[in-house]
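Please view the sequence and structure first, then read the points grouped by topic.

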Amino acid sequence: MDAFFASVEQRDHPELRGKPVAVGGSSGRGVVAAASYEARRFGVRSAMPSVTAKRLCPDLVFCKSRFDVYREVSQQIREIFRHHTDLVEPLSLDEAYLDVTEDRHGLGSATRIAQAIRRSIREETRLTASAGVSYNKFLAKLASDQNKPDGICVIKPGEGAAFVQSLPIRRFHGIGPKGEEKMTRLGIETGADLAARDMAFLRANFGSFAEYLYRAARGIDDRPVRSNRIRKSVGGERTFSEDISAAPRLRETLDNIVDIVWARIEHNKARGRTVTLKLKYNDFRISSHAKTLNRAVAGKEEFAQIGHELLGEMLPLPLPIRLMGLTLSKLEGVPKKKPRSEAAQLTLF
C-alpha cells in the first residue's frame with residue numbers, strides 16, 4: 001500500500017488531501033510513524049523525531065494513529081488477495097507476498113492479476129497500492145518499490161540480475177545508512193559493484209550477512225510464499241533515518257513499535273509468553289533481551305510494560321542504535337495447516 005496509515009487519514013479527512021501529513025505524536029518527544037508522499041517531498045520519514053519533521057516541513061499536519069481502522073482496511077485488502085489466491089504471506093498490515101502460479105480466474109498472467117488486484121483495492125477502499133511482479137520474492141519486493149506511488153513494475157525471467165545490478169546499494173533490503181557508508185568506503189555503490197565482489201571478500205567484511213549479499217546481487221531467492229507456515233512469533237522493527245541514543249526518544253520509539261506490533265498480534269489472534277527486545281547498534285552489532293512468563297501476556301499494557309522493562313535493562317546504551325524491534329513468541333494454540341502444493345511458474349507477461 002502507498003503511505004498506508006497517512007493515506008487512510010487523508011481518505012477519511014478530505015481536508016487533509018494534498019497536504020503533508022504525518023501519523024504519530026507531535027510532542028517534543030514524538031516520533032513519525034508514517035508520512036504522506038506530500039510530506040516525504042520535504043524529507044519527512046517514518047521513525048523521524050517529530051521536531052525534526054516539523055522543522056523540515058513547517059506545514060506538516062500530525063494525526064493520531066487509529067490502528068483499529070488500519071486493521072479493518074487491511075482485512076478488506078486481504079480478502080481481495082484471497083479472491084485471487086490462497087497463497088498469501090502477509091508481512092505487515094499493508095504489505096504481502098502472493099503466489100499467483102495458479103491463475104484462478106484465467107486472467108492470463110501475473111501482471112494482469114496484479115492490475116486486477118490494484119483496481120479492486122482502489123474501488124473498494126479508495127486507496128492506492130503499488131505492485132512488484134517477478135519470479136521470486138526478493139525481486140518482487142524490489143519491484144514493488146520501483147514505481148511508487150500507484151505503480152507497477154514487472155521483472156521478467158532472465159532480467160533479475162541486470163535489474164538488481166543497476167540499483168544503488170541503499171535499495172537492498174537490510175542495508176541502511178550506516179551499511180551504505182561502509183559499502184561506499186569499500187567501493188561498493190551499486191548492485192553491480194556488489195556482484196563483482198567474491199564470497200571471500202564479503203565474508204571478510206560482512207560476516208554472516210555475506211551469503212545474503214552474494215545472492216541478492218545476482219537476483220537469487222529460493223524462498224517460497226509460505227501462507228501455511230506455523231507462526232512462531234509476531235513482531236516488528238524499525239530502522240531509523242538517523243541513529244538515536246537518548247533514553248526519552250528510545251522510549252517514545254518503543255511506544256510506537258508497541259502500537260504497530262500489538263495491532264499485528266490482535267490481527268493474528270496470537271497469545272504468547274515471551275517478549276524480546278532487539279537493538280542494532282550503529283556498528284551493526286545486535287543485542288537482545290527477552291522475558292518469558294509462565295502464562296500468556298495479558299494484553300497490550302503488559303506487553304508494553306515488559307518492553308520498557310527490557311529497554312531499561314539495556315540502558316545506558318554503549319552506542320547509538322539504528323534499529324529497534326519487539327517480538328512476541330512462544331505462541332500458544334497456533335493451528336498447524338496443510339503444506340502448499342507444488343505447481344509450475346505462471347508466465348509473467
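pLDDT is the predictor's confidence in each residue, on a scale from 0 to 100. The model shown is predicted; its mean pLDDT is 90, and 93% of the residues reach 70 or more.

**Confidence**
- Over residues 335–349, pLDDT stays under 50.
- For this stretch the model has 36 contacts beyond four places in sequence.

**Strand 9 and its partners**
- Strand 11 (residues 321–331) runs antiparallel to strand 9, and 9 bridges join the two.
- Within this pairing, leucine 277 has leucine 326 of strand 11 as its bridge partner.
- Strand 10 (residues 286–292) also pairs with strand 9 in the antiparallel sense, over 7 bridges.
- Here valine 275 stands opposite lysine 291 of strand 10.
- The hairpin of strand 9 and strand 10 has 4 residues between the strands, and phenylalanine 284 takes a positive phi near 75° in this hairpin.

**Nonpolar cores**
- The largest nonpolar core has 31 residues, of which Phe4, Phe5, Tyr70 and Ile121 touch the most other members.
- Elements that each supply at least two residues of this core include helix 1 (4–12), helix 5 (110–125) and helix 12 (247–267).
- Helix 4 gives the most to this core, with 7 residues.
- Domain 1 (4–65) and domain 2 (69–155) each contribute at least three residues to this core.
- Phenylalanine 4 touches several residues beyond four places in sequence, among them Tyr70, Val73, Ile77 and Leu127.
- A second, separate core of 30 residues includes Phe240, Ile244, Ile265 and Ile321.

Key:
Residues are numbered from 1 along each chain as its sequence is written. This is a predicted model: local features need pLDDT of at least 70, side-chain atom pairs count only at pLDDT 80 or more; totals for chains, interfaces and linings use all residues. Side-chain values use heavy atoms; hydrogens and water are left out. Contact means heavy atoms within 4.5 Å. Two strands pair if DSSP finds at least two bridges between them. A nonpolar core is a set of buried Ala, Val, Leu, Ile, Met, Phe, Trp, Tyr and Cys residues joined through side-chain atoms within 4.5 Å. Buried means under 20% relative accessible area, exposed over 50%, partly exposed in between (1.4 Å probe, protein chains only). Domain bounds come from an automatic or database domain assignment.
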